[in-house]
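Subject: Structure for your review

Dear colleague,

Please find the structure below, together with its sequence.

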Amino acid sequence: MSPSNIIILTFSILCILTTLSSTFNPNVESDSCSGHRIHIRTLPTRFNLDLLSNCSAYYPLYDDFCPYLANHGFGQPTHNKSLSWYRTDPTMLELIFHRRILEYPCLVPRAADSDAVFVPYYAGIDALRNWGNDHFMVMAGPAWDYSQPRDVEERVWGTSLLDSPEFYNVSVLTLESRAWPWQEHAVPHPTSFHPQSLTALENWVMRVRRSRRSALMVFAGGGGTRTGTPNIRRSIREECVKNNETRDGRYGKICEIVDCSNGVCEHDPIRLMKPMLQGSFCLQPPGDTPARRSTFDGIIAGCIPVFFEDQSARAQYGWHLREKEFDEFSVTIPKEDVVFKGLSIVDVLMGIPRGKVRRMREKVVELIPRVMYRKHGSSLGLRTKKDAFDIAIDGVLSRIRDRLKGLEESSTQSSAAANYDAPASANDSVSRA
């Protein structure tokens, strides 16, 4: 039996055991589960686990993702003794959520008894191949990939799932959301950090706090090397080349570039973490889409994010990165000012007082638990800290409650208006006469 089939078999057994245990779950009647009960919709396996069995069938459109199925979607450990770091591929977000929700303490066996219904459809993986207001699902990709025009016969990429009328009322968690559809909400990209215990998390946080920030700013990514149309990545590279000299002794290096061209950094956290741990600020310019996994890699390293447009994070990740606190842990520099007006990123960052930089970094460190996905089966101590999964579940439950409340109020108002406008009966006419 192949490794992927062993993983699928193990996961299938877990699903069966979870279904049985939810039938006899004493926790669901407690006050702690009130308003938080979730039912997992049973789907034919062709919508989830069967998709995993073909993990090598999508090449050359997509790399063989069989190695990343290990550890229920976290991938292989970065080295033999690693307990917290894995070679995680963001495409596994659906599997990661599915595995974690099997541990959710308020699962119920019947949809009628639930406050929300989870639909375990692996849309992101399904896209590699060619109804309800209380339902939600996860998609491991940008929403744009699932909102292609429906009238196109042959698509180069993606599906039209989100533009299907059947899904208009379903809440969808994606790696990146669009600005207007109400049902979409972005959740953090999975990084490679998945601690299993509170001690592992605390040890990492201690290392982040103690790390010497010897570089003013770090850019990990590709692009910006071609001459031609001006763009923010090109401006960043040009400014890094110009500012290699140390200023006022605060930093040993002004700018560090980690070349991640051709995806070389995707499954190698060591390549990213060392420079990010040494960087004071991490530049997060938009690429093909506004958001980047690097944003969350940087936060895990305690590196203050620098954004160049609101859609990169402020407008998308409000559950995990609170908008009202955004300026307390990040810097925003409009990309137009850099590209077309010559604003110096170095001057902006060097102009921030040291005390404020320390406070911002401490705020970033506080965000680490909120953007990580802890390992399944983690210690009870670590479960007391809400991670990206827990916050996403709280957010989608709140959204569903608000949605249902709004529909109920709308229905009540419509009924009242209909009664008010109804013609008077004969008896009413006589009495008024």
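I begin with one of the disulfides. The link of Cys 260 and Cys 265 is left-handed, with -85 degrees about the S-S bond. A disulfide here is a pair of cysteine sulfur atoms within 2.5 Å, and in this pair the S to S distance is 2.0 Å. Cys 260 has a relative accessibility of 14% and therefore counts as buried; Cys 265, at 7%, counts as buried too. The terms for burial are set by relative accessible area: buried is under 20%, exposed is over 50%, and partly exposed lies in between, with a 1.4 Å probe and protein chains only.

Please note that this is a predicted model, in which local features need pLDDT of at least 70, side-chain atom pairs count only at pLDDT 80 or more, and totals for chains, interfaces and linings use all residues. Residues are numbered from 1 along each chain as its sequence is written, and side-chain values use heavy atoms, with hydrogens and water left out.

Overall composition

The protein has 433 residues, of which 52% count as buried. Its secondary structure comprises 15 helices and 10 strands; these are DSSP runs numbered from the N terminus, helices being H or I with at least four residues and strands E with at least two.

A search of the whole structure finds four disulfides. One of them joins Cys 33 to Cys 106, with S to S 2.0 Å. The torsion about this S-S bond is about -80 degrees, so the disulfide is left-handed. Cys 33 lies in the loop between helix 1 (3-23) and strand 1 (38-40), and Cys 106 in the loop between helix 3 (93-101) and strand 2 (116-119), so the pair ties together parts that are 73 residues apart in sequence. Both Cys 33 and Cys 106 are buried.

Another disulfide joins Cys 240 to Cys 255, at S to S 1.7 Å. Its torsion is about 45 degrees, so the link of Cys 240 and Cys 255 is right-handed. Cys 240 belongs to helix 6 (residues 232-242) and Cys 255 to strand 7 (residues 253-259), 15 residues apart. Both Cys 240 and Cys 255 are buried.

Helices

The axes of helix 5 (residues 198-210) and helix 12 (residues 354-371) come within 11 Å and cross at roughly 160 degrees. Helix 5 is therefore roughly antiparallel to helix 12, a term used for angles over 145 degrees. The contact (heavy atoms within 4.5 Å) is made by Leu 201, Val 205, Val 208 and Arg 209 of helix 5 and by Glu 362, Val 365, Ile 368 and Pro 369 of helix 12.

Helix 3 is mostly covered, with nine of its nine residues buried. Among them are Glu 94, His 98, Arg 99 and Arg 100.

Backbone

Asn 71 has a positive phi of about 55 degrees although it is not a glycine; Asn 71 sits in the loop between helix 2 (49-53) and helix 3 and is partly exposed, at 26%. Asn 262 has a positive phi of about 60 degrees, again without being a glycine. Asn 262 is found in the loop between strand 7 and helix 7 (269-278), and at 81% relative accessibility it counts as exposed.

How values were computed:
Axes are lines fitted to C-alpha atoms, for helices over the stretch in contact, and angles run from 0 to 180 degrees between N-to-C directions. Angles under 35 degrees count as roughly parallel, over 145 as roughly antiparallel, 65 to 115 as roughly perpendicular and the rest as oblique.
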